[in-house]
Amino acid sequence: MKVVTFGEIMLRLSPPGFERLFQSPLLSATFGGGEANVAVSLAHFGLESQFVTRLPAHAIGDAAIRALRAEGVGTDHVLRGGDRVGIYYAETGASQRASTVIYDRAHSSIADIDPDTIRWSDVLAGAGWFHVTGITPALGEPAARATKQALAAAKQAGARISVDLNYRRKLWSPQQAQAVMRPLVRDVDVVIANEEDLQAVLGVDVRGADVSGGSLDASGYREAAERVTREFGPTTVAVTLRESLSASDNGWSGVLWDSKTGAFHQSQRYVVRLVDRIGGGDAFAAGLIYAMLDKRPLDAALRFAVAASALKQTIPGDFNRSSVAEVDALAGGDASGRVRR
C-alpha cells in the first residue's frame, strides 16, 4: 500500500547526551520533521512510503534526501529550490530539567514553496493514504495553500486522509491556527491530537485536562472527540495522553473515538523512561495508519500505535526504527525489555 506524506524535513542539531547547548563545542547533525518521521516509520513497517517536500539544490538538501532514502522512503516527488533547509536545535532534558527546542526555520525552502509546482494527481496516483500535520500550514501562506490543494487532491484520488494537529506555539497563535485549520479538517478522515492541540487548533476544550500540570482525566476525551466528529466531520479521532512525571519519565497511553460505531477505546498505559521524546507523536500517527491499512480492529490499532510511540521514545533521534514484529510484541504484553534470542 502506498502512503504519501507532505511537510518539512529539517536539520536537527543536538549536544551530546544530556549536555546543554554549546556546553561543549559539539553538535550532532541528523534530520527530522513531523511528516518525514511518519514516512520513515511507515517504510520500516514495510509500506511504500513517499515523502513530498521542497529542498534547496545544495549539499545539505542532498544530505536530507540521502537520509530519507537510507530509511527506505521514496523521494521521487521532492522538489528542489530555495536557499535553505530549516534547522532546529534540540536539547534533551533530564529529571526536573525540561527538554528545549529552538527553531531556525524562517524562509526555508518549503515555506516559500509555489503550491502550483506540485503535481498532486501524479503524486497521489495509487495512494491509499495521505498524511499531513498542522505544522506545515503554520509555515506560512504558501505552505498553507499547498496543504489545502493536497487535501483536495487526496480526497479526489480516493485516499484516506489523516491530519495530526501538532500545534506549535512558536510558529503561530491559536487564533491563526484555528482560522486555517478548522476549514481544512472538514476534508479529513482521521484527526490525531493531544489535549493542547484540540484546544489551540480547533477550539475544543477537554474537560478535566490540565496541559501544564500534566493531569489527565480520560472521561473528558470522549466528549471532546465526539464534538470534533460532530462539528467538523472526521469519522475517527485519536488522542495521545502524556503524563509528565518528570523530564525523564512519562506516562503514555491513548484513546480513540469511532463515530461510525459510537465506540470509545482506551489503550494500555506505559511508563516510559525517555531517551528522546521527539517524534513520539509521529510514531503514534504512523502506527495508527499502518494498523488501519492492515485492517486491524480499531482497539487493536490503538494498542499498536501506543506501543509504536512508546518504543520510539527509547530511540535517539527523530526516526522510529522499530519493526512491526517489535511493536506487536510490546502491544501484546511483552514489556519486560528482556534480551530476545
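Analyst: The largest nonpolar core has 49 residues, and those that touch the most other members are F6, W120, L124, F130, L165, L198 and L202. A nonpolar core here is a set of buried Ala, Val, Leu, Ile, Met, Phe, Trp, Tyr and Cys residues joined through side-chain atoms within 4.5 Å. Buried means under 20% relative accessible area, exposed means over 50%, and partly exposed lies in between (1.4 Å probe, protein chains only). Helix α4 gives this core its largest share, 6 residues. Helices (H or I, at least four residues) and strands (E, at least two) are DSSP runs, numbered from the N terminus. A second, separate core of 36 residues includes V38, L274, L288 and L293.

The model is predicted: local features need pLDDT of at least 70, side-chain atom pairs count only at pLDDT 80 or more, and totals for chains, interfaces and linings use all residues. Residues are numbered from 1 along each chain as its sequence is written, and side-chain values use heavy atoms, with hydrogens and water left out.

Start with L124. Leaving out residues up to four places away in sequence, L124 touches K2, V4, F130, A150, A153, A154 and A157. Contact means heavy atoms within 4.5 Å.

Next, L165. This residue sits in the loop between β10 and α5. L165 counts as buried because its relative accessibility is 1%. Beyond its neighbours within four places in sequence, L165 is in contact with G134, M181, V185, V191, I192, A193, D197, L198, V201 and L202. L165 and L55 are 110 residues apart along the chain, and their C-alpha atoms are separated by 23 Å.

Now α5, residues 174-184. Its A177, M181 and L184 are buried. Viewed down the axis of α5, these buried residues fall within an arc of 45°, so they line one face of the helix. The arc is that of the directions from the helix axis to the C-beta atoms. The buried residues pack against α4 (141-157), β10 (160-164) and α6. Q175 and A179, on the other side of α5, are exposed.

Helix α6 (residues 195-202) also meets α7 (residues 219-232): their axes come within 11 Å and cross at roughly 35°. Axes are lines fitted to C-alpha atoms, for helices over the stretch in contact, and angles run from 0 to 180 degrees between N-to-C directions. The α6 and α7 crossing is left-handed. A crossing is left-handed if the near helix is turned anticlockwise from the far one by less than a right angle, and right-handed if clockwise. From α6 come E195, L198 and L202; from α7 come Y221, A224, V228 and F232. The residues of this contact divide into 6 nonpolar, no polar and 1 charged. Ala, Val, Leu, Ile, Met, Phe, Trp, Tyr, Cys and Pro count as nonpolar, Asp, Glu, Lys and Arg as charged, and the others, Gly among them, as polar.

T236 is in strand β12 (residues 236-244). With 3% relative accessibility, T236 counts as buried. Setting aside neighbours within four places in sequence, T236 contacts D189, V190, V191, T229, L256, W257 and D258.

Back to the second core, which includes L288. Helix α8 (residues 280-293) and helix α9 (residues 298-312) have axes that come within 7 Å and cross at roughly 145°. This crossing is right-handed. Among the α8 residues in the contact are F284, L288 and M292, and among those of α9 are L302, F304 and V306. The contact between α8 and α9 divides into 13 nonpolar residues, 3 polar and 1 charged.

Helix α10 (residues 324-331) buries V324, V327, L330 and A331. These residues cover an arc of only 130° around the axis, which puts them on the same side of α10. What covers them includes β15 (270-273), α8 and α9. Just after α10, G333 takes a positive phi of about 115°.
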